Amino acid sequence: MVWNIVTVALIVLAGLVLVHPRVTGAFRRFDARSRERILAERLDRGDPQAHFRHTLKLAEEQVEEVSTVTVPDERTGEPVTRYLFEGETFMNEADALEARADRMRAIARGFYMDLPAALRARREEDRIKSN
């Protein structure tokens, strides 16, 4: 008898939680992101450049953002905006973004340089497992 009351109460509580707008909104956002990801995966299957795009995206996640700092000008002492990337200060944002892009390309290039050795090691593992 008590078990049935607890079960019914939990079902009613779960129904209330699911109907709550904040919860249903979270489910909708999760579903939308899942649908977008699945669509992107389908499109990537037919795109020969998709691997490069994913590699650059992965490299971008590993590189810090360009930050904006205000420092006194060396000549006048007036506050000026400078751009900081990996400890190096740049006079304009375009140069800082170019340095960031160069760093991302270097990481991606390193990935492709290491790829043949990684694939060879994987083949060796597969060969050992199959024996």
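These legends accompany close-up views of a predicted model.

**View 1. Asp-73 sits in a loop between two strands.**
The loop joins strand 1 (67-72) and strand 2 (79-85). Asp-73 has a relative accessible area of 10%. Buried means under 20%, so Asp-73 counts as buried. A polar atom of the Asp-73 side chain lies 3.1 Å from the backbone nitrogen of Thr-76. Beyond its sequence neighbours up to four places away, Asp-73 touches Glu-78, Val-80 and Arg-82.

**View 2. Asp-73 and Arg-75 form a salt bridge.**
Their closest N and O atoms are 3.8 Å apart. Asp-73, by contrast, is buried at 10%. Side chains of opposite charge can pair when their charged atoms come close.

**View 3. The largest nonpolar core has 9 residues.**
Its members are Ala-59, Val-63, Val-66, Tyr-83, Phe-85, Phe-90, Ala-96, Met-104 and Ile-107. Strand 2 and helix 4 (93-130) each supply at least two residues of this core. Which element gives the most? Helix 4 does, with 3 residues. In soluble globular proteins, nonpolar side chains tend to be buried together.

**View 4. Met-104 is a member of the largest nonpolar core.**
Met-104 touches Leu-56, Ala-59, Glu-60 and Val-63, with residues up to four places away in sequence left out.

**View 5. Gln-62 lies in helix 3 (residues 50-62).**
Gln-62 is exposed, with a relative accessibility of 51%. The cut-off for exposed is over 50%. How far apart are Gln-62 and Ile-107 in sequence and in space? They are separated by 45 residues in sequence, and their C-alpha atoms are 8.5 Å apart.

**View 6. Val-6, Leu-10 and Leu-13 make a nonpolar surface patch.**
The patch covers about 270 Å². Leu-13 is found in helix 1 (residues 2-19). Ile-5 lies in helix 1 too. At 54% relative accessibility, Ile-5 is exposed. Ile-5 and Phe-27 are 22 residues apart in sequence. In space, their C-alpha atoms are 28 Å apart.

**View 7. Asp-47 and Arg-53 form a salt bridge.**
The closest N and O atoms of the pair are 3.0 Å apart. Are these two residues buried or partly exposed? Asp-47 is partly exposed, with a relative accessible area of 24%. Arg-53 is partly exposed as well, at 42%. In the model, the count of salt bridges comes to 13.

**View 8. Glu-98 and Arg-105 meet in a salt bridge.**
The N to O distance between the two side chains is 3.2 Å. Glu-98 is partly exposed, at 44% relative accessibility. Arg-105 is partly exposed, with a relative accessible area of 36%.

**View 9. Glu-86 has a positive phi.**
What is the phi of Glu-86? The angle is near 50°. Most residues other than glycine have a negative phi. Glu-86 is found in the loop between strand 2 and strand 3 (88-90). With a relative accessible area of 41%, Glu-86 is partly exposed.

**View 10. Pro-79 lies in strand 2.**
Is Pro-79 buried or exposed? At 60% relative accessibility, Pro-79 counts as exposed. Pro-79 touches Thr-70, Val-71 and Pro-72, not counting residues up to four places away in sequence. Pro-79 and Val-69 are 10 residues apart in sequence, with a C-alpha to C-alpha distance of 9.8 Å.

Terms used: Residues are numbered from 1 along each chain as its sequence is written. This is a predicted model: local features need pLDDT of at least 70, side-chain atom pairs count only at pLDDT 80 or more; totals for chains, interfaces and linings use all residues. Side-chain values use heavy atoms; hydrogens and water are left out. Helices (H or I, at least four residues) and strands (E, at least two) are DSSP runs, numbered from the N terminus. Buried means under 20% relative accessible area, exposed over 50%, partly exposed in between (1.4 Å probe, protein chains only). A polar contact is a pair of N or O atoms within 3.5 Å; within protein, one must be able to donate a hydrogen and the other to accept it, and residues adjacent in sequence count only if both atoms are side-chain atoms. Contact means heavy atoms within 4.5 Å. A nonpolar core is a set of buried Ala, Val, Leu, Ile, Met, Phe, Trp, Tyr and Cys residues joined through side-chain atoms within 4.5 Å. Patches are made of residues with over 30% relative accessible area and no salt bridge: like charges are joined within 9 Å, nonpolar side chains (Val, Leu, Ile, Met, Phe, Trp, Tyr) within 5 Å. Accessible areas come from the Shrake-Rupley method with a 1.4 Å probe; for residues, only the protein chains shown count as cover. A salt bridge is a side-chain nitrogen of Lys or Arg within 4 Å of a carboxyl oxygen of Asp or Glu.
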